[in-house]
Amino acid sequence: MQRLVRIVATLAGSLAMTIALAAQDPAAAPPAQGRGQQPPPKNLKVLPKAWTGQQVRALMQTFAESLGVQCTHCHAVDPTAPPPAEGRPPALDYSLDEKKEKEVARQMIQLTMTLNGEGLKGVGDAAVPEKVSCFTCHNGQKTPAMKPANGWGRGNFSLLPAGPALPQRGGGRGGA
């Protein structure tokens, strides 16, 4: 099972690096779909605009797996589509920006690209350029764990300037 988790994390990380590289060099991305095939994706704001629908769908599938969600988590129902057949989900309009989750996803994609591109440069194995992916934090959960299941054990965790909150000591004496 742990091997499978590592494989999925590696694949998701590889896709994150592909996004970062294509965003830096749009010419490196494959050309848009030709005549007779699906139209290119619309309303791409973070992903490279030259990406094909197939590339975007492959990446979206890794997001769904990394967060344990379905497409409807970020994408809105197409208001112009006919009602779905019984037992079928409604058609989605992937270009709509109606759900806040979609904007959060865009911010998380940018964060991942920044971390892998600059923030973690020189950290870890140089042969593995993608250091983090969605799975790194989410581990198949919609909301990442913010602390260990049994708590931190020795106080809280915080990188804010004030630092972690410390427990109050009893004794009633004046302090330092």
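I began with the secondary structure of the protein chain, which comes to 4 helices and 2 strands, taken as DSSP runs (H or I of at least four residues for helices, E of at least two for strands) numbered from the N terminus. Read along the sequence, the elements follow the pattern α-α-β-β-α-α.

I note that this is a predicted model, in which local features need pLDDT of at least 70 and side-chain atom pairs count only at pLDDT 80 or more, while totals for chains, interfaces and linings use all residues. Residues are numbered from 1 along each chain as its sequence is written, and side-chain values use heavy atoms, with hydrogens and water left out.

**Chain totals.** I looked up burial and found that 24% of the 176 residues in the protein chain are buried, where buried means under 20% relative accessible area, exposed over 50% and partly exposed in between, with a 1.4 Å probe and protein chains only. I then turned to contacts (heavy atoms within 4.5 Å): among those between residues at least 6 apart in sequence, 53% join residues at least 24 apart.

**Helix α2.** I checked the span of α2, residues 53-67, and its 15 residues reach 21 Å from the first C-alpha to the last, close to the 21 Å expected when 1.5 Å is multiplied by one less than the number of residues. I listed its buried residues as G53, V56, L59, T62, F63, A64, S66 and L67. The helix is followed by G68, whose phi is positive, near 65°.

**The core.** I next asked which residues make up the largest nonpolar core, and found 12 in all: L44, V46, L47, W51, V56, L59, F63, L67, V69, I109, M113 and C134. Such a core is a set of buried Ala, Val, Leu, Ile, Met, Phe, Trp, Tyr and Cys residues joined through side-chain atoms within 4.5 Å. Helices α2 and α3 each supply at least two residues of this core, and α2 gives the most, with 4 residues.

**The largest pocket.** I used a 1 Å grid over the protein atoms alone, on which a pocket is an open set of points with protein on both sides within 12 Å along at least five of seven lines, and lining residues have an atom within 4 Å of a point. The largest pocket holds about 1400 Å³ of space and is lined by 47 residues, of which M60, F63, C74, H75 and A105 lie nearest its centre. The elements giving two or more residues to this lining are α2, α3 (100-119) and α4 (134-138), and α3 gives the most, with 11 residues.

I also looked up M60, which is found in helix α2 and counts as partly exposed at 26% relative accessibility. Not counting residues up to four places away in sequence, M60 touches L47 and H75.

**Backbone notes.** Most residues other than glycine have a negative phi. N43 is found in the loop between α1 (2-24) and α2, and N139 lies in the segment after α4. Both count as partly exposed, N43 at 29% relative accessibility and N139 at 44%.

How values were computed
On a 1 Å grid over the protein atoms alone, a cavity is a set of points where a 1.4 Å probe fits but cannot get out, and a pocket is an open set with protein on both sides within 12 Å along at least five of seven lines; lining residues have an atom within 4 Å of a point. Grid points are joined across faces, edges and corners, and a volume is the space filled by probe spheres set on the points.
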